Amino acid sequence: MVALLTPLEAPVEPSEALRRIAFLLERTRAGTYRVEAFRNAVKALKEIGGDELNGHVEAGTLQQIHGIGKSTSSVVEEAAQGELPAYLASLQDKTGGPLATGGADLYAALRGDCHLHSDWSDGGSPIDEMVLTGIELGHEWMVLTDHSPQLRVANGLTAERLTKQIAIVDAINRGVGQAFRLFKGIEVDILDDGGLDQTDEMLGKLDFVTASVHSKLRMNSAPMTKRMVNAVLNPRVNVLGHCTGRLVEGSRGKRPQSDFDARAVFEACLEGNTAVEINSRPERKDPPDELIELALEIGCLFSIDSDAHAPGQLDMKAYGCERAERLGVPWDRIITTWDAERLHAWANPS
Ligand SMILES: [Zn+2]
Ligand SMILES: [Zn+2]
């Protein structure tokens with residue numbers, strides 16, 4: 001995977017300039033509202049033709065286009081006139097460098113991502129934009145893991161919506177060709193008893209399952225351990241997502257780790273052939289170092305995931321790589337360094 005996208009230079013298409021600005025804002029966790037303006041402007045440009053756009057540029061009436069505002073109109077105008085938009089130039093200078101200071105070699109060795117969201121659940125962008133950005137960053141595969149029905153606040157997918165999404169993933173795979181594969185997946189809620197929040201029939205139609213606890217995070221240790229052990233022993237489950245549920249910083253505030261017997265859970269991961277996720281989101285840093293060390297000692301596999309909710313956030317895997325490298329996780333035990341064929345065969349043993 002490439003550590004950095006090559007900075008854009010003039011001349012640049014207006015929509016490409018807007019997309020890159022959104023990407024640079026997302027990877028450095030700018031507020032949704034600010035990013036949305038740029039993503040919406042890309043959509044607006046898609047809907048009008050080149051002649052109409054040029055007409056607005058010449059007449060100075062870009063802001064009359066629905067979805068183009070003050071800051072986005074100057075980007076479009078500068079790009080249409082053959083210049084590198086000033087805002088893009090300054091973002092490339094200020095934030096275009098690597099996100100993390102270590103782990104660059106491991107980042108370059110990554111091939112995929114087992115945890116990311118689209119606007120079908122609580123992500124900000126359509127599936128095809130996640131895929132396009134993923135390909136630009138050098139992903140060979142990604143697993144689309146929108147939320148399951150119980151997570152209503154995140155617009156979790158019912159069996160009916162997941163069925164529709166599966167058809168769309170098939171269509172995207174037909175369109176992108178051999179060099180990239182989008183796997184059908186889910187981030188399924190782990191229910192209170194360790195069951196999964198989707199029918200077995202639906203889970204059987206997916207290539208890959210990431211399972212996470214999103215509710216009753218303060219359960220007592222004994223039932224929480226049982227809950228997680230049950231889930232990771234389920235043959236359908238491939239990755240245990242953000243296992244402690246902690247939040248260490250950010251707009252959602254802090255949240256302590258859930259109480260559970262980590263040794264028992266990781267031993268069950270080993271037995272159940274479930275990888276332990278290293279969730280790269282800076283506000284999660286989950287699991288903490290000492291639990292990664294424990295899982296390492298037990299012999300678990302790991303998955304360095306972005307948990308991206310926007311295309312630019314796919315790049316956050318740099319943070320996970322920095323941690324994994326510092327803690328000495330061997331590359332071959334990180335399933336996101338595997339190629340698509342090996343990943344699929346591992347997740348779907350015959
Ligand atoms: Zn989650
Ligand atoms: Zn997630």
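The model is predicted, with local features needing pLDDT of at least 70 and side-chain atom pairs pLDDT 80 or more, while totals for chains, interfaces and linings use all residues. Residues are numbered from 1 along each chain as its sequence is written, chains are lettered from A and ligands numbered from 1 in the order in which they are written, and side-chain values use heavy atoms, without hydrogens and water.

**View 1. The site of the zinc ion (ligand 2) is irregular.** Its protein donors are His 115 (NE2), His 117 (NE2), Glu 187 (OE) and Asp 307 (OD), at 2.1 to 2.3 Å. Donors are N, O and S atoms within 2.8 Å of the metal (3.2 Å for Na, K and Ca); water is not among the atoms, so sites may look incomplete. The angles among the four donor atoms run from 80 to 168°. Four donors count as tetrahedral if all angles lie between 85 and 135 degrees; four count as square planar and six as octahedral if opposite donors are over 155 degrees apart and all others between 65 and 115; anything else is irregular. Glu 187 in strand β2 and Asp 307 in the loop between β6 (302-305) and α13 (317-326) are 120 residues apart, and the pair links distant parts of the chain. Helices (H or I, at least four residues) and strands (E, at least two) are DSSP runs, numbered from the N terminus. Asp 307 is buried, at 2% relative accessible area; buried means under 20%, exposed over 50% and partly exposed in between (1.4 Å probe, protein chains only).

**View 2. Glu 187 bridges the zinc ion (ligand 1) and the zinc ion (ligand 2).** The two ions lie 3.4 Å apart. Glu 187 (OE), His 214 (NE2) and His 242 (NE2) coordinate the zinc ion (ligand 1) at 2.1 to 2.2 Å, with the sequence spacing E-x26-H-x27-H. Glu 187 lies in strand β2 (residues 181-189) and His 214 in the loop between β3 (208-212) and α10 (221-233), so this pair ties together parts 27 residues apart in sequence. Glu 187 is buried, at 1% relative accessibility.

**View 3. The largest pocket holds about 1300 Å³ of space.** A pocket is, on a 1 Å grid over the protein atoms alone, an open set of points where a 1.4 Å probe fits, with protein on both sides within 12 Å along at least five of seven lines; lining residues have an atom within 4 Å of a point. Grid points are joined across faces, edges and corners, and a volume is the space filled by probe spheres set on the points. The lining has 49 residues, with Asp 122, Gly 124, His 309, Ala 310 and Gln 313 nearest the centre. Helix α2 gives the most, eight residues. The lining divides into 13 nonpolar, 17 polar and 19 charged residues. Ala, Val, Leu, Ile, Met, Phe, Trp, Tyr, Cys and Pro count as nonpolar, Asp, Glu, Lys and Arg as charged, and the others, Gly among them, as polar.

**View 4. Ser 73 is placed in helix α4 (residues 70-80).** Ser 73 counts as buried, at 7% relative accessibility.
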